[in-house]
Structure formats: structure tokens, C-alpha cells
Amino acid sequence: MAGVSGCMKYSMFIFNFLFWVCGSVILGVSVWIRVSKDAQEELEIDSSLFAGVDLLIAVGSIIMVLGFLGCCGAIKESRCMLLLFFIGLLLILILQVTGGILGAVYRSQIETSLNKTLLENVNSLRNSTEEARVFQQSFRKFEKMHQCCGLLNGPSDWGKNFNIDIGGSKACACEPKNTTSNLCTTFEGRSIYKTPCREVIMEYLKDHLLIIMGIAFGLAVIEILGLGFSMSLYCQIQRK
């Protein structure tokens with residue numbers, strides 16, 4: 001009977017230990033951000049971003065569990081744990097590939113959904129409620145930072161709030177140093193940024209799509225290697 005390869009066994013253990021450490025860090029930081037008011041204020045995270053933090057908590061937990069199964073399965077030569085690790089990693093890979101395919105197939109629907117979300121936010125720009133004022137103040141900082149105006153249709157998105165001073169600034173206000181550049185135009189006697197923020201958001205998503213694809217490809221390669229190592233070790237233990 002052939003024995004279990006020590007090199008493969010300890011390589012599998014080290015790989016999954018690092019995997020477990022990464023999951024622990026993601027989980028720990030995410031929980032800290034979720035429960036700590038100081039962290040939320042320092043990182044400028046509001047309740048609208050809690051869904052993303054909750055997703056990171058789930059991802060960190062899954063990585064920790066898979067890392068634990070891989071570590072224990074390798075060091076204890078447990079076929080059951082290795083099989084659970086293999087199935088879990090395979091499911092993640094399948095979901096990843098499915099998500100990529102669906103993203104490519106339904107790209108136009110995703111863009112339509114984004115436009116719908118932006119349209120809902122346009123209503124917040126036009127409202128005068130306290131909650132809307134908070135959003136408007138934050139969005140004016142976004143406009144200044146990215147040199148854009150409104151969400152879909154430029155200054156008209158602001159409606160009657162266009163000339164209202166909130167937090168010491170007015171909507172779409174183009175800085176004096178930019179008045180002679182191609183960034184600004186004139187509207188109702190004021191110098192404003194002429195690019196709608198939707199274009200800035202779409203450009204940002206397109207620029208980062210390549211990075212996301214690269215990360216996804218890198219993860220897929222690591223997952224396939226993990227699948228190969230775990231199944232090879234499983235078969236060696238079975239033949240032992």
C-alpha cells in the first residue's frame with residue numbers, strides 16, 4: 001500500500017492555515033467595523049454600507065470554516081474533513097463561475113437596475129426631509145470630489161434645492177480655479193460642473209472591472225489547486 005505524501009500533507013496544512021488566518025482577519029475586522037461606532041465614524045461608514053460589511057462577515061466565516069476543515073483534514077488525515085473541504089470549495093467555485101456568466105449575460109439588466117437606483121436617489125436630491133438633507137450634504141461632497149453634477153440629468157436633478165445652501169455649499173458648485181477649464185459650464189447664473197455623476201460612477205465601475213476580473217481569476221486558480229491537492233490527499237489516504 002502506498003503511503004501519504006508528507007510534502008503534500010504539510011503543504012495542504014500550511015496553505016489552509018494561511019487560508020484560515022485570512023478568514024479570521026476578514027471576520028475580525030468586519031465584526032469590529034459592524035459593532036464599533038468609533039470605527040464607523042473613523043472610516044466614514046454609514047448604515048447604507050452595512051450590507052457590504054455583513055457580506056464580508058459571511059465571507060470571513062466561510063473561509064475560516066474551510067480553512068479549519070482543510071487544516072484538520074490534512075494533519076489528521078481525515079477523509080471526511082477533506083471531502084467536506086473539497087465540496088465546499090467546489091460549490092464556491094461553481095457559484096463564482098455562475099456569477100461571472102450571469103453578470104455577462106445580464107449586463108444590460110444590471111445597468112438598468114443601476115439607473116433605477118440612481119433615479120430613486122434623484123428623488124432624495126429633490127426632497128426637503130431631514131433624511132434627504134443628510135444625503136444631499138454627503139452627495140455634495142461627492143460632487144466636489146469627483147467634479148460632477150447631479151446623478152442623471154445634471155443640475156435639474158436637484159430641482160428646487162439647486163440654490164439652497166446646505167453645510168456651507170451649494171449643489172454642483174464649480175471651484176473658481178476650474179471656471180476656465182472644460183469641467184464647468186454656466187447654469188442659472190452659476191458656474192457648475194457639467195458632467196453628470198452617473199458617468200463618473202459608470203467610468204469607475206468599468207475601470208475597476210478589470211481588477212475584479214483579475215482577482216476572480218486568481219481566486220479561481222487557487223481554488224482549483226486546493227481542489228486538486230485535497231482530492232489527491234483524499235485518494236492517498238483511501239489507498240493507505
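Trainee: How many Å should the 27 residues of helix H4 span, and how far apart are its end C-alpha atoms?

Mentor: Keep in mind that this is a predicted model. Helix H4 covers residues 79–105. At 1.5 Å a residue, its 27 residues should span 39 Å.

Next, look at which residues of H4 are covered. Its buried residues are Leu82, Phe85, Phe86, Gly88, Leu89 and Leu93. Buried here means a relative accessible area under 20%. For the chain as a whole, 30% of the 240 residues count as buried.

Now place H4 in the chain. The secondary structure comes to 7 helices and 2 strands. Read from the N terminus, the order of elements is α-α-α-α-α-α-β-β-α. The radius of gyration is 25 Å, well over the 18 Å that the globule rule gives for 240 residues, so the chain is more spread out than a compact globule. Along the principal axes, the C-alpha atoms fill a box of roughly 85 × 40 × 30 Å.

Among contacts with a separation of 6 or more, 66% are between residues 24 or more positions apart. The accessible surface of the chain comes to about 14900 Å², and carbon and sulfur atoms account for 66% of that surface.

Cys172 has a phi near 65°, a positive value in a residue other than glycine. Cys172 sits in the loop between helix H6 (130–146) and strand S1 (184–187). Its relative accessibility is 1%, so Cys172 counts as buried.

Glu188 has a positive phi as well, near 55°, and is likewise a residue other than glycine. Glu188 belongs to the loop between S1 and strand S2 (190–193). With a relative accessible area of 54%, Glu188 is exposed, because exposed means over 50%. To sum up the pair, Cys172 is buried, whereas Glu188 is exposed.

Definitions and conventions: Residues numbered from 1 in each chain as written. Predicted model: local features only at pLDDT ≥ 70, side-chain atom pairs only at ≥ 80, totals over all residues. Heavy atoms only, no water. Helix = DSSP H or I, 4+ residues; strand = E, 2+ residues; numbered from the N terminus. Buried < 20%, exposed > 50% of the residue type's maximum accessible area, 1.4 Å probe, protein only. Rg over C-alpha atoms; globule rule 2.2 N^0.38 Å. Contact = heavy atoms within 4.5 Å. Areas by Shrake-Rupley, 256 points an atom, 1.4 Å probe, with all protein chains shown as cover. Expected span 1.5 Å × (residues − 1).
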